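Please keep the sequence and the structure in view while reading.

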Amino acid sequence: MKKIILTADRPTGKLHVGHYIGSLKARVELQNSGEFDELYVMIADSQALTDNAGNVQKVRDHILEVALDYLACGLDPEKTCIFIQSEIPALTEMTFYYMNLVTLSRLKRNPTVKEEIKLRGFEESVPVGFLTYPISQAADITAFNANIVPVGEDQLPVIEQAREIVKTFNNLYGETLVLPEAVVPKQKSQARLVGIDGKGKMSKSLGNCIYLSDDEQTIKQKIMSMYTDPDHIKVSDPGKVEGNVVFAYLDAFIKPDSFEKYLPEYKNLEELKAHYRRGGLGDVKIKLFLNNILQEILKPIREKREKLAQNPEKIYEILFKGSEKANLVANKTMEKIKSAMGINYRKDFANKK
Ligand code: TRP
């Protein structure tokens, strides 16, 4: 079976190290492994607008920022089709037909959407577009015949809804759409990176992020201010590793040679954790260790990003070229959908002539 992969990000903020370790890094590795047939990465500006109607400028500005983050991390437009959602009209058209395959009560029950509505304080004033974004996401996926959709765990109910739409469509109109499968990050420590304050997932709205574009000083400051164990006051005190943000990050970002390079007196993370638990290991030491590891990862990304940012026209060119390619595929699927539904009047008429 062909391996067609599609994933996307909403352009509402710059990407941070949570995005990097939870998905970007794996995308680039997958891209470079060549083990796929088609790879699409979409900047979901239309979806971002479903809860940002009054904030178009923010969404607009972040299309470039997200694209810079992608390219700086190593996404290569020669191998990956990177494109902008709103550039693909067929997605909107598909969404309109898929809307007839989903009930209002089913939409309201979607746990992801429910949670997001609560988080945004929408209550009864939720925009219709926001409530229905899982339908438009089903269009994003099916337009490209994607069978593999890498997402965060919180998106699983949205992919489940897309699967339901595919099944309903195929039942009603005949086998047309490809059934997608969600893929979530394997390593728990990388799947849901906590923010530097330890209060929840790293997220722009909580102000607890380390961005891929942060400079060296900012990264260090953020690491030095990380939440650790409030009861670990003196170096000699025993410390807690669970809930300690520095250790959560070490779990996620450690590399096989990190100790040898930056902390040779320990063999591995287990040894370091044991020492911390026992007492006698200070927070500054583990923070500086983490700082070395993160700086090593982020420096080349930041430098590449700065270079790319000098030429925004070139970035848009890449996105428009990707969008053209994406349009060819999506338009073909749209034709298939219309034929299956029996609303491809022009084609039917031409065939009868
Ligand atoms: N909803 C996704 C998120 O917030 C972004 C997204 C839009 C997406 N369209 C998609 C993800 C299609 C996977 C496939 O992260």
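## Asp-214 and its surroundings

Once its neighbours within four places in sequence are set aside, Asp-214 is in contact with Cys-209, Ile-219, Lys-222 and Arg-302. The model is a predicted one, and in it Asp-214 sits in the loop between α10 (188-191) and α11 (216-224). With a relative accessibility of 11%, Asp-214 counts as buried because that value falls under the 20% limit.

A polar atom of the Asp-214 side chain lies 2.9 Å from the backbone nitrogen of Tyr-211. Asp-214 and Lys-299 are separated by 85 residues in sequence, while their C-alpha atoms are 9.6 Å apart in space.

## Domain layout

The domain assignment divides the chain into domain 1, made of 4-192 + 312-352, and domain 2, which covers 216-307. Taken over C-alpha atoms, the centres of domain 1 and domain 2 are 35 Å apart, and the contact involves 14 residues from domain 1 and 9 residues from domain 2.

## Helix α12 and its two partners

Two packed helices are described by the angle between their axes and the distance between the axes. Helix α12 (residues 245-253) packs against helix α15 (residues 283-309) at an angle of about 40°, with the axes 10 Å apart, and α12 passes α15 in a left-handed crossing. On the α12 side the contact is formed by Val-246, Phe-247, Tyr-249, Leu-250 and Phe-253, which meet Ile-286, Lys-287, Phe-289, Leu-290, Ile-293, Leu-294 and Ile-297 of α15. By class, this contact of α12 with α15 has 11 nonpolar residues, no polar residues and 1 charged residue.

The axes of helix α1 (residues 17-33) and α12 come within 11 Å and cross at roughly 35°, and here too the crossing, that of α1 past α12, is left-handed. Val-17, Tyr-20 and Ile-21 of α1 make this contact together with Tyr-249, Ala-252 and Phe-253 of α12, and the residues of the contact divide into 6 nonpolar, no polar and no charged.

Helix α8 (residues 133-143) is mostly covered, with 11 of its 11 residues buried; among them are Tyr-133, Gln-137 and Asp-140. Just after α8, Asn-145 adopts a positive phi of about 55°.

Gln-155 is placed in the loop between β4 (148-150) and α9 (156-173). Its relative accessible area is 13%, and Gln-155 is therefore classed as buried, the limit being under 20%. The side chain of Gln-155 makes a polar contact of 3.4 Å with the side chain of Tyr-133, a residue that is itself buried in α8. Apart from neighbours within four places in sequence, the residues in contact with Gln-155 are Thr-112, Glu-116, Tyr-133 and Gln-137.

## His-275 in helix α14

His-275 belongs to helix α14 (residues 269-278). The relative accessible area of His-275 is 18%, so this residue too is buried by the limit of under 20%. Leaving aside neighbours within four places in sequence, His-275 is in contact with Tyr-266, Gly-280 and Leu-281.

Conventions. Residues are numbered from 1 along each chain as its sequence is written. This is a predicted model: local features need pLDDT of at least 70, side-chain atom pairs count only at pLDDT 80 or more; totals for chains, interfaces and linings use all residues. Side-chain values use heavy atoms; hydrogens and water are left out. Helices (H or I, at least four residues) and strands (E, at least two) are DSSP runs, numbered from the N terminus. Buried means under 20% relative accessible area, exposed over 50%, partly exposed in between (1.4 Å probe, protein chains only). A polar contact is a pair of N or O atoms within 3.5 Å; within protein, one must be able to donate a hydrogen and the other to accept it, and residues adjacent in sequence count only if both atoms are side-chain atoms. Contact means heavy atoms within 4.5 Å. Axes are lines fitted to C-alpha atoms, for helices over the stretch in contact, and angles run from 0 to 180 degrees between N-to-C directions. A crossing is left-handed if the near helix is turned anticlockwise from the far one by less than a right angle, and right-handed if clockwise. Ala, Val, Leu, Ile, Met, Phe, Trp, Tyr, Cys and Pro count as nonpolar, Asp, Glu, Lys and Arg as charged, and the others, Gly among them, as polar. Domain bounds come from an automatic or database domain assignment.
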